[in-house]
Amino acid sequence: MLNAIVEKVLNRPYTTILFFLTFAAAGVFLIPLIPIDATPDITNVQVMVNTITGGLDPEQIEKSVTTPVETEMGGIAGVKEVRSLSKNGLSQVVVVFEDGTDIYWARQQISERLQAIRGNLPEGISPELGPISTGLGEVLMYVVLAKPESELAKKAEIDRLLYLRTVQDFAIRRYLKANCANIADVDATGGFKKEIHVNVDPVRLEDRGLGIEDIVRKLETVGESFGGGYIQHEGRQVIVRTAGTLNLDRIRRIAVKLDLRGHPVFLSEVADVREGFVQRQGAATYDGEETVLGIILMRSGANSRRVSIDAEKALAEIPLPSDVEVKILYSRRYLVEATIHTVAKNLAEGAVLVVLVLLLILGNFRAALLVSLAIPLSMLFAAAGMKYFGISANLMSLGAIDFGLLVDASVVIIENVLRRISQKSGEPEGTANDRLNLVLDAVKEVLLPVTIGLVLIMAVYIPILALEGVEGKLFKPMAMTVLMALASSLAVAVGLMPALAYLVLRVPRGEHKETALFALAQNMYRPLLKFSLGHRAVLFIAVSVLSGASLFVFSRMGADFMPPLNEGDLVVNLTRDSGIALDESMRVQKISDRIIAKFAEVEHVYSRTGTPESATDPMGVHLSDVFVIPHKNEKLWPVQANGRRRTKDELFEAIREAIDREAPGHPPSNGPSGTAPGTMPSMASQEIMANQPIEMRFSEILEGTRADVSLRIYGPELETLMELLETSKQTVETIRGASEVELDGLT
């Protein structure tokens, strides 16, 4: 069959070239449509059910909200796992489905189940589905600030944060969701959400013969709009309605009842009505001051680079108040473009190197140029396959492509054609039919071994396609991309190269000579080949010894799931006592931020503490993620006393030492858990861990925790569990290589 294909190709060379050019043009058209990301998204198919529970304590939340919701999720087709969390103000149930489940179908099933149990939940509590995003959906973060020297900047902190949060919720969020495609949600952390507080005075309430139920009944429908149909009068139709828009003065003048004389008793007479803010479960800082942090969550399966670019453009166009500004702090676009730039640079350098080596070995510029065409054509055809199968262009999918393998088959075919042509050096050119038969014989001579060799290489990648779960999400796209590229290179070698060789290559006029590099390689290889054939036993023993030594070294090597990606930015995770209050946690966080901001390598420092608005990351108020954004131009980093600039790891160690030394309440490091023997840790004590934005999310996705290795102990008695955890911590701290051992505090 292969021989028949080659014969048809050579009989119709121009048609063959046109066919390949058409496919190449299609690949060029599809390349901009391929999703681009730094790494593949390994998040499983999951739906998050969040319930804001108000003033209920965690035990009540677990019994009256979390357990009913979690129980109702059982029995849904394709459910792989259901896990839950109950903490102050929040119930979260995460339903994990089997891979391949349609996320929209899964959300529909859960929505139907939630409708069935809403009546069984405490009054005023309504579960909601989380955004259609993934663990790697945080593509852009920005901060909302008061412009320097403006009147807003001079206001008290609470008033300023109230205003900034209002701008975030009612101006920025709405504009982004209306003008940016593929945004799942615009999350917010920090500031104060405005609400109206009615503080009832019990004494005044009793004096007027009222109860709290009377106040609640009067305020139940405040702010709602009602329709009253229409009235026909004198041939005209007038629509009747009530407007729900109210201000503080109108609320204060709501008549609660009529007194004995028929005069209304206004709400202001029995209560103090004023603007206030919702009790918050999280906060944010920027360069050591509290602020409002916005987080753009990308829709699952979208192009993170495109979403980041669109969001940056929209943020620059939002009509903001004159005293408010928005600064972009983190954008996935930078990492994606840096990653793609690195991959493209390496691929381009590899392609140039392959062409130079081909030129040196083949000694024929035309032949080297023909063989080098296999690289872009194979990549274009593979790109079309990536678009068809929904594979994103990232470090994993593109980084494994080897250009040497892509040109392997074409090199053998073109080199054999050159060899057969060189045998006719000095002879007349011959007819076109003679040249066609010569190329056909040369290709047929090596076609079968070339095909078998490339198929064997492809077979190595086929078992990777059987991987499932996280491993499958990481490595299957890589295997599929490599297989498509190798299959394309085989098609180019068998279909295009014979046609191009027939049209381009000619019989040399003079005597054919081997290139100097090829002659040198042959002179070095012949003595080695002769020695190995004459001393087979010695060679076998030597190879066996080396193989055994390699296996021994391999057994002693460390292992990791995947090498860490240098994201450029740094995340410092701070863990405080689980009983710390939010205000105290923020006081210590501001001091820590200012310590970090003193480093000349750092351009920006911002942090988030506690749970954001959408509860996609339900942290306690004792946990803070500090995002350290260094100067992208490392030439701005100061040279240290040792004559060189710090690495990112060295920068973190310097930050850790500075926080240990300067942050208040941080415990001394001579105790097993960082505290001195016989003393209780301060509420403001902090445990510090280094991380990166995507790496941190990867750890949470893989293990449900940010730690590299986690230990969980299950049981009904909380006190017993805590004792076992303390004992386990002391044991784990003695393990060689354990640099930081922490307990996940109660939430």
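Where is the place of asparagine 182? Asparagine 182 sits in the loop between helix H5 (157-179) and strand S6 (183-189), where helices (H or I, at least four residues) and strands (E, at least two) are DSSP runs numbered from the N terminus. The model is predicted, so local features need pLDDT of at least 70 and side-chain atom pairs count only at pLDDT 80 or more, while totals for chains, interfaces and linings use all residues. Residues are numbered from 1 along each chain as its sequence is written, and side-chain values use heavy atoms, with hydrogens and water left out.

Asparagine 182 has a phi near 65°, a positive value in a residue other than glycine. Its relative accessible area is 31%, and asparagine 182 is therefore partly exposed; buried means under 20% relative accessible area, exposed over 50%, and partly exposed in between (1.4 Å probe, protein chains only). Aspartate 287 also is not a glycine and has a positive phi, of about 50°. The loop that holds aspartate 287 runs between strand S13 (282-286) and strand S14 (289-298). Aspartate 287 counts as partly exposed because its relative accessibility is 32%.

Helix packing comes next. Two packed helices are described by the angle between their axes and the distance between the axes. Here, axes are lines fitted to C-alpha atoms, for helices over the stretch in contact, and angles run from 0 to 180 degrees between N-to-C directions. Helix H2 (residues 13-30) packs with helix H17 (residues 469-504) at an angle of about 135°, and their axes are 9 Å apart. H2 is therefore oblique to H17; angles under 35 degrees count as roughly parallel, over 145 as roughly antiparallel, 65 to 115 as roughly perpendicular and the rest as oblique. The crossing of H2 past H17 is left-handed, a term for a near helix turned anticlockwise from the far one by less than a right angle, with right-handed used if clockwise. From H2, Pro13, Tyr14, Thr16, Ile17 and Phe20 meet a set of H17 residues including Ala491, Val492, Gly495 and Leu496, contact meaning heavy atoms within 4.5 Å. This contact of H2 with H17 has eleven nonpolar, two polar and no charged residues. In these classes, Ala, Val, Leu, Ile, Met, Phe, Trp, Tyr, Cys and Pro count as nonpolar, Asp, Glu, Lys and Arg as charged, and the others, Gly among them, as polar.

Helix H3 (residues 58-72) and helix H4 (residues 103-117) have axes 9 Å apart and pack at an angle of about 130°. H3 is thus oblique to H4, and H3 passes H4 in a right-handed crossing. Here Pro68, Val69 and Glu72 of H3 meet Arg113, Leu114, Ala116 and Ile117 of H4. The contact of H3 with H4 has five nonpolar, no polar and two charged residues.

A right-handed crossing also takes H1 past H16. Helix H1 (residues 2-11) and helix H16 (residues 432-461) pack at an angle of about 145°, with axes 10 Å apart. Leu2, Asn3, Val6, Glu7, Leu10 and Asn11 of H1 meet H16 residues, among them Leu436, Val439 and Lys444. By class, the residues of the contact of H1 with H16 are eight nonpolar, three polar and two charged.

Helix H20 brings together a span and a buried residue. The 16 residues of H20 reach 22 Å from first C-alpha to last, close to the 22 Å expected at 1.5 Å a residue, where the expected span is 1.5 Å times one less than the number of residues. Buried residues of H20 include Leu582, Met586, Lys590 and Asp593. Glutamine 589 is also in helix H20 (residues 582-597) and counts as buried because its relative accessibility is 0%. Not counting residues up to four places away in sequence, glutamine 589 touches Thr285, Leu574, Arg576, Ser607, Thr609, Ser624 and Val626.

Valine 355 lies in helix H10 (residues 332-362) and, with a relative accessible area of 30%, is partly exposed. Leaving aside neighbours within four places in sequence, valine 355 is in contact with Ala368 and Ser372.
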